[in-house]
Amino acid sequence: GWRDLTTTPVPSLIYGLLVCVISIGIVGGLFWYGLDYILFPAFAGFMVVGPIGAVGLYEKSRRIEAGKPVTLANMVFVKARSAGQILFTGVLLCGLMLLWMRAAVIIYALFFGLRPFPGLDHIAPMLFATPVGWAMLIVGSAVGGLFAAFSFAISAFSIPMLLNERLDALTAMGSSMALVWNNLPVMLTWATIVLVLFLASLATGLLGLIIVFPLLGHGTWHAYRAIRPRTATSPA
């Protein structure tokens with residue numbers, strides 16, 4: 001992934017900058033409209049839909065592998081072999097993200113009732129200094145973990161697969177889940193790397209996404225190519 005990032009790096013960095021700016025804009029919008037109570041579920045949801053946003057990075061890696069020139073236009077206007085199916089997969093992942101965000105709000109209501117969200121300044125004492133807060137953290141983490149595991153399994157390989165192969169979305173997602181399950185130790189390691197780098201990006205106020213997002217996108221393409229090496233690669 002790093003090799004592809006540093007090969008013609010400007011398009012990848014601009015791509016990462018766009019993702020960073022959009023993410024900061026969404027966070028700002030949540031505060032502007034008083035929706036800061038869904039901020040943390042939204043961050044988790046970002047990891048659900050992230051593979052869709054990285055299609056342009058997969059395209060750059062595919063073009064490098066095929067010996068083709070790379071431009072930002074190639075990465076923005078991607079010619080995928082199963083373009084419509086990528087769109088369908090994106091809709092499913094967005095639906096999964098919205099379902100998770102709604103589930104997070106319901107979990108909060110089940111434990112704290114109709115109490116208004118206290119704001120980010122008071123959320124830590126409420127969660128970590130009360131038994132109810134700890135109970136909500138445990139249940140919320142368990143439910144969120146199930147959402148995260150399912151979304152990771154169906155999207156880890158399906159998006160680059162649809163970019164490079166002629167498949168339908170359900171076949172690609174099913175194949176992705178099977179590939180993750182049959183390579184579980186290494187995929188758990190990869191998921192941990194993704195999580196750690198994403199948390200590092202959050203710690204920098206999302207500025208780390210400028211580098212981290214392209215790095216993970218290019219790395220995901222090579223994970224796909226390592227697990228399906230016999231599939232021909234050439235830009236559509």
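**Notebook: helix packing and a pocket**

I looked up how H11 and H12 meet and noted that H11 passes H12 in a left-handed crossing. The model I am reading is a predicted one.

**Entry 1: H11 and H12**

I recorded helix H11 as residues 184-203 and helix H12 as residues 209-227. Their axes come within 9 Å and cross at roughly 165°. An angle over 145 degrees counts as roughly antiparallel, and H11 and H12 are therefore roughly antiparallel to each other. I then listed the residues that make the contact. From H11 they are Trp190, Val194, Leu197, Phe198 and Ser201. From H12 they are Leu209, Val212, Leu215, Leu216, Gly219 and Thr220. Sorted by class, the residues of this contact between H11 and H12 are eight nonpolar and three polar, with no charged residue.

**Entry 2: H2 and H12**

I turned next to the packing of H2 with H12, where the angle is about 120° and the axes are 7 Å apart. I noted the crossing of H2 and H12 as right-handed. On the H2 side, the contact is made by Ser12, Leu13, Tyr15, Gly16, Leu17, Val19, Cys20 and Ser23. On the H12 side, I found Leu209, Ile210, Ile211, Phe213, Pro214 and His218. The contact of H2 with H12 comprises ten nonpolar and four polar residues, and no charged ones.

**Entry 3: H3 and H11**

I checked H3 against H11 and found that their axes come within 12 Å and cross at roughly 130°. H3 and H11 are therefore oblique to each other. H3 passes H11 in a right-handed crossing. Phe43, Phe46 and Met47 of H3 make the contact with Val194, Leu195, Phe198 and Leu202 of H11. I counted seven nonpolar residues in this contact of H3 with H11, with no polar and no charged residues.

I then examined the second largest pocket, which holds about 510 Å³ of space. Its lining has 23 residues, and those nearest the centre are Ile22, Ser23, Ile26, Phe46 and Val49. Helix H2 (9-32), helix H3 (39-53) and helix H6 (83-112) are the elements that each give two or more residues to this lining. Which helix gives the most to the lining of the second largest pocket? I found that H3 does, with nine residues. By class, I recorded 19 nonpolar and four polar residues in the lining of the second largest pocket, and no charged ones.

Methods: Residues numbered from 1 in each chain as written. Predicted model: local features only at pLDDT ≥ 70, side-chain atom pairs only at ≥ 80, totals over all residues. Heavy atoms only, no water. Axes fitted to C-alpha atoms, helices over the stretch in contact; angles between N-to-C directions. Helix = DSSP H or I, 4+ residues; strand = E, 2+ residues; numbered from the N terminus. Parallel < 35°, antiparallel > 145°, perpendicular 65-115°, else oblique. Left-handed = near helix turned anticlockwise from the far one by under 90°. Contact = heavy atoms within 4.5 Å. Nonpolar A, V, L, I, M, F, W, Y, C, P; charged D, E, K, R; others polar. 1 Å grid on protein atoms, 1.4 Å probe; cavity = no way out; pocket = protein on both sides within 12 Å on 5 of 7 lines; lining within 4 Å. Points joined across faces, edges and corners; volume = space filled by probe spheres on them.
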